[in-house]
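I opened the model today to look up a few points. These are my notes, in the order I took them.

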Amino acid sequence: MQVVNQSGVRMEGSEGAGKTEATHERIRKLAAGNAVVVFTISGCCMCHVVKQLLFGLGVGPTIFELNHDEAGQEIHAILHGLSRGDGRQQAVPAVFVAGKYLGGIETVMACHINGTLVPLLKDSGGLWL
């Protein structure tokens, strides 16, 4: 397991739009640079469930804990915008596979139950079987 926090990207002094753009780019680079990325908040039970599922399958995801990062609130707001598709999912956990947003707990569990999660993880290089 790799925990990412305090990445060194300084955002102080950025204007609102520039700061948001830099945060979007930071999320994009993190997601694109790792096979599986999970954005979480420490102590979140649903985040724990997603992490345990992935660990149980043999995946070593990159874990990004929002509450341990200066830009955590802004990242959380961006993830909230991504999760609005069906109106039910929370912003975290937010799972990215192969650089693309997969979804939250409901999507990950649905993929696991219907048998599409393991092939997706294999194709991304996040799971070697």
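**Entry 1: Val37**

Which residues does Val37 touch, not counting residues up to four places away in sequence? I find Leu30, Ala31, Thr62, Ala94, Val95 and Phe96. Contact here means heavy atoms within 4.5 Å. Val37 sits in strand β2, residues 36–40. Helices (H or I, at least four residues) and strands (E, at least two) are DSSP runs, numbered from the N terminus. Val37 has 0% relative accessibility, so it counts as buried. My cut-offs are under 20% relative accessible area for buried, over 50% for exposed, and partly exposed in between, with a 1.4 Å probe and protein chains only. I also checked Pro61: it is 24 residues from Val37 in sequence, yet 5.4 Å away in space, C-alpha to C-alpha.

**Entry 2: ground rules and confidence**

This is a predicted model, where local features need pLDDT of at least 70, side-chain atom pairs count only at pLDDT 80 or more, and totals for chains, interfaces and linings use all residues. Residues are numbered from 1 along each chain as its sequence is written, and side-chain values use heavy atoms, with hydrogens and water left out.

pLDDT is the predictor's confidence in each residue, from 0 to 100. I read a chain mean of 86, with 83% of residues at 70 or more. Residues 1–14 stay under 50. The model has 28 contacts beyond four places in sequence for that stretch. Where pLDDT is low, the predicted coordinates should not be read in detail.

**Entry 3: the whole chain**

I get five helices and five strands. Their pattern along the sequence is β-α-β-α-β-α-β-β-α-α. The chain has 129 residues, and 40% of them count as buried. I then took contacts between residues at least 6 apart in sequence: 61% of these join residues at least 24 apart.

**Entry 4: α2 against α4**

How do α2 and α4 cross? The axes of α2 (residues 45–57) and α4 (residues 105–114) come within 10 Å and cross at roughly 30°. Axes are lines fitted to C-alpha atoms, for helices over the stretch in contact, and angles run from 0 to 180 degrees between N-to-C directions. α2 and α4 are therefore roughly parallel to each other. Angles under 35 degrees count as roughly parallel, over 145 as roughly antiparallel, 65 to 115 as roughly perpendicular and the rest as oblique.

From α2, I list Met46, Val49, Val50, Leu53 and Leu57; they meet Ile105, Val108, Met109 and His112 in α4. By class, the contact of α2 with α4 has eight nonpolar residues, one polar and no charged. Ala, Val, Leu, Ile, Met, Phe, Trp, Tyr, Cys and Pro count as nonpolar, Asp, Glu, Lys and Arg as charged, and the others, Gly among them, as polar.

**Entry 5: α2 against α5**

For α2 and α5 (residues 117–124), the axes come within 12 Å and cross at roughly 70°. That makes α2 and α5 roughly perpendicular to each other. Leu53, Leu54 and Leu57 in α2 meet Leu117, Val118 and Leu121 in α5. I sort this contact into six nonpolar, no polar and no charged residues.

**Entry 6: backbone checks**

Most residues other than glycine have a negative phi, and most peptide bonds are trans. I noted two exceptions.

- The peptide bond from Val92 to Pro93 is cis, with omega near 0°. Pro93 is in the loop between α3 (72–82) and β4 (94–97).
- Ala98 has a positive phi, near 55°. Ala98 lies in the loop between β4 and β5 (100–103). Its relative accessibility is 49%, so Ala98 counts as partly exposed.
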